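Subject: Structure handover

Hi,

Here is the structure I promised to pass on. My notes follow below it.

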Amino acid sequence: IYGYERLFVAHDYAPGVIFLISGLFGIFFHFFIRNLMYIGECRVFMETRTYTNTRFHRLFFLYRQRHIMNPVRIMFFRDLFLSLWFLTIAGGLIKLYSYRMIPYIIAENPCIPRKKAILLSRRMMYGHKWNTFLLDLSFLGWGLLSVLTLGLVGIFYVNPYRTAVNAELYMTLRRKTIQEQMPDWELLNDSLLEDPPADFI
């Protein structure tokens, strides 16, 4: 043990190793916990629109149903593409809205292929990005109030309210996509979102 300690001290490896481990943990947390939990949150709010007895454990439905790697892969490429687009002047903001529905699409169909999830989100948001931007602006005052209350208003009211509004936006665009039979509309085939059975848990 003493030899290893001397090696770290002599070559100053310890800060680098700690930084590397922290970075790897941060990446793991972002893609395997934070993103999947966000998708679970989207699912919960989509279900509570029509089924008031949605259980808390639905937040973890991806883990419970063992749908993990495909959602992780899709969200990884979404984040990667967004990062690259933000290197341009306005491309990042535009693509931020183009990819807006991806987590909700995954929440409905966790097995959807990556390219189809991205293309479907772009089609759903076509012609709706500006109105969605205005919708986001309507939360600006709530965001300021959340800052003034050290995030308390955001945690207990604004964030759930915003997620519920986005879930409603997704369902509206979803209906439009199905009615117009846009390409890949048949991948939005979860009947539980519109007419859940009485014994659904």
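Of the 201 residues in the protein, 36% are buried. Buried means under 20% relative accessible area, exposed means over 50%, and partly exposed is in between (1.4 Å probe, protein chains only). Please note that this is a predicted model: local features need pLDDT of at least 70, side-chain atom pairs count only at pLDDT 80 or more, and totals for chains, interfaces and linings use all residues. Residues are numbered from 1 along each chain as its sequence is written, and side-chain values use heavy atoms, with hydrogens and water left out.

Overall fold

The protein has 10 helices and 0 strands. Helices (H or I, at least four residues) and strands (E, at least two) are DSSP runs, numbered from the N terminus. The pattern along the sequence is α-α-α-α-α-α-α-α-α-α. Along its principal axes, the C-alpha trace spans about 70 × 40 × 40 Å.

Nonpolar core

In soluble globular proteins, nonpolar side chains tend to be buried together. A nonpolar core here is a set of buried Ala, Val, Leu, Ile, Met, Phe, Trp, Tyr and Cys residues joined through side-chain atoms within 4.5 Å. The largest one has 34 residues. Ile39, Met46, Met101, Ile105, Met124 and Tyr170 have the most contacts inside it. At least two residues each come from helix 2 (14-48), helix 3 (61-64), helix 4, helix 6, helix 7 (114-125) and helix 10. Helix 2 gives the most to this core, with 6 residues.

Aromatic pairs

A pair of aromatic rings is described by the distance of the centres and the angle of the planes. Rings of Phe, Tyr and Trp (its six-membered ring) pair if their centres lie within 6.5 Å; planes under 30 degrees apart count as stacked, over 60 as edge-to-face and the rest as tilted. The count comes to 11 aromatic pairs. One is Phe77 with Phe81: the centres are 5.9 Å apart and the planes are at 45 degrees, so the pair is tilted. These two sit 4 residues apart in helix 4 (residues 69-85), about one helical turn. Phe77 is partly exposed at 23% relative accessible area. Phe81 is also partly exposed, at 26%.

Tyr104 and Tyr170 make a stacked pair, because their ring centres are 5.7 Å apart and their planes are at 20 degrees. Tyr104 is in helix 6 (residues 102-108) and Tyr170 in helix 10, so the pair ties together parts 66 residues apart in sequence. Tyr104 is buried at 1% relative accessibility. Tyr170 is buried too, at 0%.

Phe31, Phe76, Phe77 and Phe81 form one aromatic cluster. Phe77 also has the charged end of Arg114 over its ring, 4.2 Å from the centre. The charged end of Arg162 sits over the ring of Phe139, 5.0 Å from its centre. The rule for both: NZ of Lys or CZ of Arg is within 6 Å of the ring centre and within 35 degrees of the ring normal.

Salt bridges

What counts as a salt bridge? A side-chain nitrogen of Lys or Arg must be within 4 Å of a carboxyl oxygen of Asp or Glu. There are 10 by this rule. Glu47 and Arg43 form one of them (2.6 Å, N to O). They are 4 residues apart in helix 2, about one helical turn. Arg43, Glu47, Arg58 and Asp190 are linked in a network of salt bridges.

Arg174 pairs with Glu108, with the closest N and O atoms 2.9 Å apart. Arg174 is buried at 4% relative accessibility, and Glu108 is buried at 5%.

Asp184 pairs with Lys116, the closest N and O atoms being 3.1 Å apart. Asp184 is in the segment after helix 10 and Lys116 in helix 7, so the pair ties together parts 68 residues apart in sequence. Asp184 is buried at 13% relative accessible area, whereas Lys116 is partly exposed at 34%.

Best wishes
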